Structure formats: structure tokens, C-alpha cells
Amino acid sequence: MIKFYKIKDKKRGVNMCVFCNIIEGNIPSAKIYEDDDVLAILDISQATKGHTLVMPKKHYENILQIPEDDYIKVMSKVKKIAQVILKVFDAKGLNILNNCNEVSGQTVMHFHVHIIPRYNTDDIQIKFTDHSSQYNLEDIKNQILKQM
Ligand code: 5GP
Ligand code: ZN
């Protein structure tokens, strides 16, 4: 059974972020990598064997908030850890995934990247439906380019 923790931060009088609590050692976790800036832990849900979360030690809500230097530190570890996980469990591939905001499925508002090893027999389904008939790529491209 998945056990979720909510710890009250007495100083601030609010419920601190679950990952900040893990980083501070208030909540146990299966750590697989740690340095001054980055922590990687096994995801409690283990969507597939070896499912890992890589996060900055500083609290940033999402990919839009994290400064580029911290983002690069996290992502460079994502690549290294993914390579190790793939080898250790003889996975056939990986999904590297980040959810940004509730609408995308983000449930913990502390930036993190999922490493989800993939196996021929796993039950993960990530499907992109074709909506190309509804959109004009040239219009979309031009809208984006105006802001780049
Ligand atoms: P999100 O949905 O925000 O992209 O992902 C949050 C992830 O954090 C979920 O996959 C969930 O299983 C994991 N998670 C939530 N609480 C805990 C916890 O206390 N410990 C660990 N290791 N993972 C957690
Ligand atoms: Zn946090």
C-alpha cells in the first residue's frame, strides 16, 4: 500500500512539500543518488521496476520555475542514472517524464523528473492521439515564432 506523508512545518505553520521533507530526512526514502544539489529516490509507486525520481534539493515548483543552472544539474544526473538503471534491470527502454502543473498530472509541486524503465511485459501506456486535421502547422509555428 502506498503511504503518503504530510508533515507540519512548525516554523511556517504549513504542510511542507513531501519532497522537501524527504530531502531534509524527515521522511524515509530509498535514495539512489545524492550530491549537494540533486537527489534521486525510488518512486514509491514503482510504475515499473526501478522507477526513479530525480529532483533539485532546492524547492522549485516546476520546470518553469527552476533556474537553468539547477535544471542542467538535474538533467545531467537524469541521463547518468537512466543509463545505470537500464543496465541493472536489463530494461528495453525508458520514458523520461516531467509533469508540469496539475493539468498534466503533477501531484507533488516540487520539480522532479521521472525515469521509468520500460520492459516488454510492462503495462504502461502513453498514447498520443492524432489531431492533425484540426490544426494548421504553419499557423502554430508562426504564433510560437512571434514570441521566440
Ligand atoms: P507527479 O505526479 O507529481 O509527476 O509525481 C509524483 C510522484 O511522487 C508519484 O509518482 C508518486 O508515486 C511519488 N510520491 C509521492 N509521495 C511519495 C513519497 O512519500 N515517497 C516517494 N518515494 N515517492 C512519492
Ligand atoms: Zn519541496
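Two residues are in contact if their C-beta atoms, placed from the backbone, lie within 7 Å. Keep that in mind for the first number. Among contacts in the protein chain between residues at least 6 apart in sequence, 55% join residues at least 24 apart.

A word on what you are looking at. This is a predicted model, where local features need pLDDT of at least 70, side-chain atom pairs count only at pLDDT 80 or more, and totals for chains, interfaces and linings use all residues. Residues are numbered from 1 along each chain as its sequence is written, while chains are lettered from A and ligands numbered from 1 in the order in which they are written.

Now the layout. The protein chain has three helices and seven strands. Both are DSSP runs numbered from the N terminus: helices are H or I with at least four residues, strands are E with at least two. From the N terminus, the order is β-β-α-β-β-β-α-β-β-α.

Next, burial. A residue is buried if 20 or more other C-beta atoms lie within 10 Å of its own, exposed if 12 or fewer, and partly exposed in between, again with C-beta atoms placed from the backbone. Of the 148 residues in the protein chain, 20% are buried.

Take β4. Four of its five residues are buried. It has a partner on either side in sequence. Strands pair if DSSP finds at least two bridges between them. β3, residues 31–34, runs antiparallel to β4, with three bridges. A hairpin of three residues joins the two. Lysine 31 has isoleucine 41 of β4 as its bridge partner. β4 and β5 are also antiparallel, joined by five bridges. There, valine 38 is bridged to proline 56 in β5.

What about the core? A nonpolar core is a set of buried Ala, Val, Leu, Ile, Met, Phe, Trp, Tyr and Cys residues joined through C-beta atoms within 7 Å. The largest one has 21 residues, and Leu39, Ala40, Val54 and Val78 are among those with the most contacts inside it. Elements giving two or more residues to this core are α1 (18–23), β4, β5, α2 (68–88) and β7. Which residues does valine 78 touch, leaving aside neighbours within four places in sequence? Val54, Ile96, Val113 and Ile115.

Two loops deserve a look. Glutamine 46 sits between β4 (38–42) and β5 (52–56). Its phi is positive, about 45°, although it is not a glycine. Glutamine 46 counts as partly exposed, because it has 13 C-beta neighbours inside 10 Å. Its C-alpha atom is 8.5 Å from that of isoleucine 116, 70 residues apart along the chain.

The other loop runs between β6 (93–97) and β7 (113–118), and holds asparagine 101. Asparagine 101 is not a glycine either, and its phi is near 80°. With 12 C-beta neighbours inside 10 Å, asparagine 101 counts as exposed.

Last, the ligand. A residue is near a molecule if its C-beta atom, placed from the backbone, lies within 6 Å of it. Ligand 1 is surrounded by 16 residues, the closest being Ile44, Ser45, Asn99, Thr107 and Val108.
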